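Let's walk through this protein together, one piece at a time. Have the sequence and the 3D view ready, and look for each part as we reach it.

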Amino acid sequence: MSERLFSVQAVADHLGLHVRTVRTYVRDGRLPAVRIGKQYRVTQGDLERFTGRPVPEIDPGAAPETGPGAAHRAHADVSSIVELDGVDRELADRLSTLLTAAARTRLPGEERVRVETVHDPARGRMKVIVVGGLADTARMLEYIEGVVGS
């Protein structure tokens with residue numbers, strides 16, 4: 001039985017990341033991938049090692065919520081940019097992996113949280129961008145605080 005292969009786009013969608021972020025992980029060697037033609041493919045095993053969690057079935061055809069009142073429910077999203085100073089490569093990798101895994105771990109019915117991270121090793125700075133619901137964004141901010149302390 002062959003191992004499942006995922007496109008960079010499928011990995012990005014699954015993790016709630018931008019496709020450029022996943023490509024950067026691949027180019028930096030943080031996420032192993034094989035090149036087939038002009039495109040990268042990530043094996044299920046490599047994706048599971050990267051996130052530290054099993055990969056459930058990826059359903060690209062998941063339908064949005066429907067039914068009476070679905071379009072009329074109140075909803076709030078939060079966009080947060082966190083700037084961190086004094087961040088070395090090891091801490092940046094640890095924080096990025098934690099947030100990526102946490103963003104893709106959600107209970108049925110919870111919305112996806114998007115997390116983007118950028119690390120500037122020359123300046124020891126890191127930016128974390130979180131976009132999602134109120135509770136999920138608060139959870140991500142607590143993770144950041146837990147790792148970097150205050």
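Find Ile36, which sits in strand S2 (residues 34-36); strands here are DSSP runs of E with at least two residues, helices are runs of H or I with at least four, and both are numbered from the N terminus. With 48% relative accessibility, Ile36 counts as partly exposed. That label covers what lies between buried (under 20% relative accessible area) and exposed (over 50%), using a 1.4 Å probe and protein chains only. Together with Leu5 and Val34, Ile36 makes a nonpolar surface patch of about 250 Å². Such a patch is made of residues with over 30% relative accessible area and no salt bridge, where nonpolar side chains (Val, Leu, Ile, Met, Phe, Trp, Tyr) are joined within 5 Å and like charges within 9 Å.

Before we go on, a word about what you're looking at: this is a predicted model, where local features need pLDDT of at least 70, side-chain atom pairs count only at pLDDT 80 or more, and totals for chains, interfaces and linings use all residues. Residues are numbered from 1 along each chain as its sequence is written, and side-chain values use heavy atoms, with hydrogens and water left out.

Now zoom out. The protein has 5 helices and 6 strands, and along the sequence they follow the pattern β-α-α-β-β-α-β-α-β-β-α. Of its 150 residues, 34% are buried.

Next, turn to helix H3 (residues 44-51). Here 6 of the 8 residues are buried, so the rest of the structure largely encloses this helix. Those six are Gln44, Gly45, Asp46, Leu47, Phe50 and Thr51. They pack against strand S1 (5-7), helix H1 (8-15), helix H2 (19-28), strand S3 (39-43) and H4, where contact means heavy atoms within 4.5 Å.

Asp46 pairs with Arg49, and their closest N and O atoms are 2.7 Å apart. The two lie 3 residues apart in H3, about one turn of the helix. Asp46 is buried at 16% relative accessibility, while Arg49 is exposed at 61%.

By that rule, the count comes to 9 salt bridges. Which residues are linked in a network of them? Look for Glu83, Asp85, Arg125 and Lys127. Arg125 bridges to Asp85, with the closest N and O atoms 2.6 Å apart. Since Arg125 lies in strand S6 and Asp85 in strand S4, this pair ties together parts that are 40 residues apart in sequence. Arg125 also forms a salt bridge with Glu83, at 3.2 Å between the closest N and O atoms.

Last stop: helix H5 (residues 134-148), with 15 residues. Its buried residues are Asp136, Thr137, Met140 and Ile144. Seen down the axis, they fall within an arc of 100 degrees, so they line one face of H5; the arc is that of the directions from the helix axis to the C-beta atoms. What covers them includes strand S4 (77-85), helix H4 (89-104), strand S5 (114-120) and strand S6 (125-133). On the other side of H5, Leu134, Ala135, Glu142 and Gly146 are exposed. Just after the helix, Gly149 takes a positive phi of about 70 degrees.

Technical notes:
Expected span 1.5 Å × (residues − 1). Areas by Shrake-Rupley, 256 points an atom, 1.4 Å probe, with all protein chains shown as cover. Salt bridge = Lys/Arg side-chain N within 4 Å of Asp/Glu carboxyl O.
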